[in-house]
Amino acid sequence: MTPTRIAIAAALASALTLPAVAQAQAQAQAQGRMPVEKCFGVSKAGQNDCQTDTSSCAGTSKKDNQPDAWIAVPKGTCQKIVGGVVKG
Amino acid sequence: MTLALREWQAAFVADLAGGGGEARLAIHRHHIQRSLAKALAMTFPTVHALVGADFFRQIAGIFVTRELPTQPVLAEYGAQFADFLAAEEAMHGLPYLADVARLDWALNVAFYSPRPSAADLTGLSPEVLLSKVLTLAPGAELIRSRYPLDRIWTASQPGAAEGEVDLAKGPTCLLVLPAGFVRLDEGEAAFVASIAEGHTLEAAAVAGFTAESNFGLAGCFGRLLGCEAFAALQQ
Amino acid sequence: MNAPAGIGLRAPHLAEIDRDRPALGLLEIHAENYLLPSPSFAAMERVRADYRFSVHAVGLSLGAVDGLDAAHLARVAALVKRLQPDLVSDHLSWSTHGGRYFNDLLPLPYTEEALDVVVRNVDRLQEALGRQISIENPSCYLAIAHSTMSEPEFLSQLAKRSGCGLLLDANNIHVTAHNLSIDPARWLDGLPAAAITEYHLAGHAVNEVEGGTILIDDHGSRVGDPVWGLFSQCVERFGPRPTVIEWDTDIPALPVLLDEARRASVLLAAGGRHDARAA
């Protein structure tokens, strides 16, 4: 059941009066779940550069216009992901 | 006879795409593929971790041949990568991969969003709060998935603990913000979605309680304020 | 003041440079990495206040027949206005065609028509920025049969007609000269010393292919001895200029780059007449 207007107003207002500590904790909790800042830090910007890829030279002999051999299987942390989805 | 530059560049581009031209053109062809795949790996680090570097290079290379960037800022390249992974599930066989790509993309967008000061609601009366319309922080996005996206993300971080993630531990709703992402329950998600649609806090709260009778409004709202989830108020 | 030597600012070093402010004569960023707001941008801007600065664009596509992309030009212009760098540059190449961006410094045929196109684009860029920009010689892998002039001739004409500066990349000269069988010393002949505003230095990879070797401009190692030699010739011939060490592949710890910059600095101070290997 939806609370009354007064109850909603009181709940919203009480969030504003959360002590600074509690808000900081909320923030820490959010960052603990997903620290964007800590993950990327300031060192994320860098997609653009101006070198030539080291391995670009592969394929300069005439016959070698084939793409790299197909590696059929994803092999990374997906090996930690198990189970299926319960159809809902 | 000398080709005019326009035709010459068009022919060059056609040779790049078609595998024609002289042998050394392959240096440029490979560089374009590899460098753009590398840029995608930076934008989609969780997808990269999940499938591994070799598989990522291969699948990103296919995406690159279909969707070249339309402008030079590579941090903005890859908006269609999640849709590509969803459409090409047969290539990788990971049903959750496209949703992970959506999360990576949203984190990328949030990272490259302006960070104006957050909303300061101090001193507003309960009555004013009820009718307040808030705006989510720039770059904020709500992501819903039938999979436990947050657990998959955590397990894919460098140095993550061993241990398995059970796919059945979904669904999840995540609010991606410049400061991080938070997992929301059904009530919280409905509250945020309603705010995002431009409704008042009162209407959003009602949406929250409608979705989840145990919705913890005060805690949720406080936590969102603590995460700087809302942009400063327009006066 | 001596010509400063510095490094290309790369993301893995940004936090360290922001914290420690190492002694460096110059920092250079890639414009395209800083066109969006982010914590990285904020750190870069803090750092900018303490160093001489260069904005090196990689995506303006100055050789594109369709002209410059107005939206990209506006973003680069806003960055330059905000940072007020000492130097601004991009490459003698093209990377866009038909609304697609190829993320490569593609080669131009050096013809009168191409010169007209590049001059027009450089004029527009300099007008939009309200300042001189410098154009860098690219690394070439392909000999383009219908070029009617040499690369240095093309660059000289470009500088003369547009008033742009020239950024000489000694590694690119070496790579191009090797790949296209040109004498690198002769490549330097006839370049206008007064137009040269900056030097770049970097490492390259040597790749064995059928019938010889191709050098790849991978910015993935220390500057090689032949490139130091060429740099030394440039400094002797054209004079010292601000010099940047670039490293983009397998980026090492910052001290390695500082060491390369120090070596360049010694050479600049000696007017090139100094054995850099002993420095």
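This short talk walks through the contacts, domains, core, and selected helices and strands of the structure above.

Colleagues, please note that this is a predicted model, in which local features need pLDDT of at least 70, side-chain atom pairs count only at pLDDT 80 or more, and totals for chains, interfaces and linings use all residues. Residues are numbered from 1 along each chain as its sequence is written, while chains are lettered from A and ligands numbered from 1 in the order in which they are written.

I begin with chain A. Its secondary structure comes to 3 helices and 1 strand, where helices (H or I, at least four residues) and strands (E, at least two) are DSSP runs numbered from the N terminus. Along the sequence, these elements of chain A follow the pattern α-α-α-β. Of the 88 residues of chain A, 32% count as buried; a residue is buried if 20 or more other C-beta atoms lie within 10 Å of its own, exposed if 12 or fewer, and partly exposed in between, with C-beta atoms placed from the backbone.

Next, the contact between chains A and B. Chain B contributes 67 residues and chain A 58 residues, two residues being in contact if their C-beta atoms, placed from the backbone, lie within 7 Å. On the side of chain B that touches chain A, α2(B) gives the most, with 9 residues. That side of chain B divides into 40 nonpolar, 16 polar and 11 charged residues. Here Ala, Val, Leu, Ile, Met, Phe, Trp, Tyr, Cys and Pro count as nonpolar, Asp, Glu, Lys and Arg as charged, and the others, Gly among them, as polar. The two chains also share strand pairing: strand β1 (residues 81–82) of chain A and strand β2 (residues 165–166) of chain B pair in the parallel sense over 2 bridges. Pairing requires that DSSP find at least two bridges between two strands. In β2(B), B:Val165 is the bridge partner of A:Ile81.

Chain B also touches chain C, in a contact that takes 30 residues from chain B and 27 residues from chain C. On the chain B side, α1 (5–18) and α2 (25–43) each supply at least two residues. The residues of this side of chain B are 19 nonpolar, 8 polar and 3 charged.

How is chain B itself divided? Chain B has domain 1 (1–112) and domain 2 (116–235), with bounds that come from an automatic or database domain assignment. The centres of the two domains of chain B, taken over C-alpha atoms, are separated by 32 Å. Their contact takes 12 residues from domain 1 of chain B and 15 residues from domain 2 of chain B. On the domain 1 side, α3 (45–51) and α7 (97–111) of chain B each supply at least two residues, and α7(B) gives the most, with 8 residues.

A nonpolar core is a set of buried Ala, Val, Leu, Ile, Met, Phe, Trp, Tyr and Cys residues joined through C-beta atoms within 7 Å. Of the 180 residues in the largest one, B:Ala101, B:Leu175, B:Val176, B:Leu177 and C:Phe231 touch the most other members. α7(B) gives the most to this core, with 11 residues. Not counting residues up to four places away in sequence, B:Val176 has contacts that include B:Ala106, B:Leu107 and B:Ala110.

I turn now to chain C. In helix α1 (residues 11–20) of chain C, which residues are buried? They are C:Ala11, C:His13, C:Leu14 and C:Ile17. Seen down the axis of α1(C), these fall within an arc of 125°, so they line one face of the helix; the arc is that of the directions from the helix axis to the C-beta atoms. The buried residues of α1(C) pack against α2 (39–48) and α9 (254–269) of chain C. C:Arg19 and C:Asp20, on the other side of α1(C), are exposed. After α1(C) comes C:Arg21, whose phi is positive, near 45°.

Why is strand β4 (residues 87–91) of chain C largely enclosed by the rest of the structure? Of its 5 residues, 5 are buried, so the rest of the structure largely encloses β4(C). C:Leu87, C:Ser89 and C:His91 lie on one side, and C:Val88 and C:Asp90 on the other. Strand β3 (residues 53–56) of chain C pairs with β4(C) in the parallel sense over 3 bridges, and C:His56 has C:Ser89 as its bridge partner.

Finally, C:Leu105 lies in strand β6 (residues 100–106) of chain C. C:Leu105 counts as buried because 27 C-beta neighbours are inside 10 Å. Leaving out residues up to four places away in sequence, C:Leu105 touches A:Cys50, C:His91, C:Ser93, C:Ser95 and C:Pro138.
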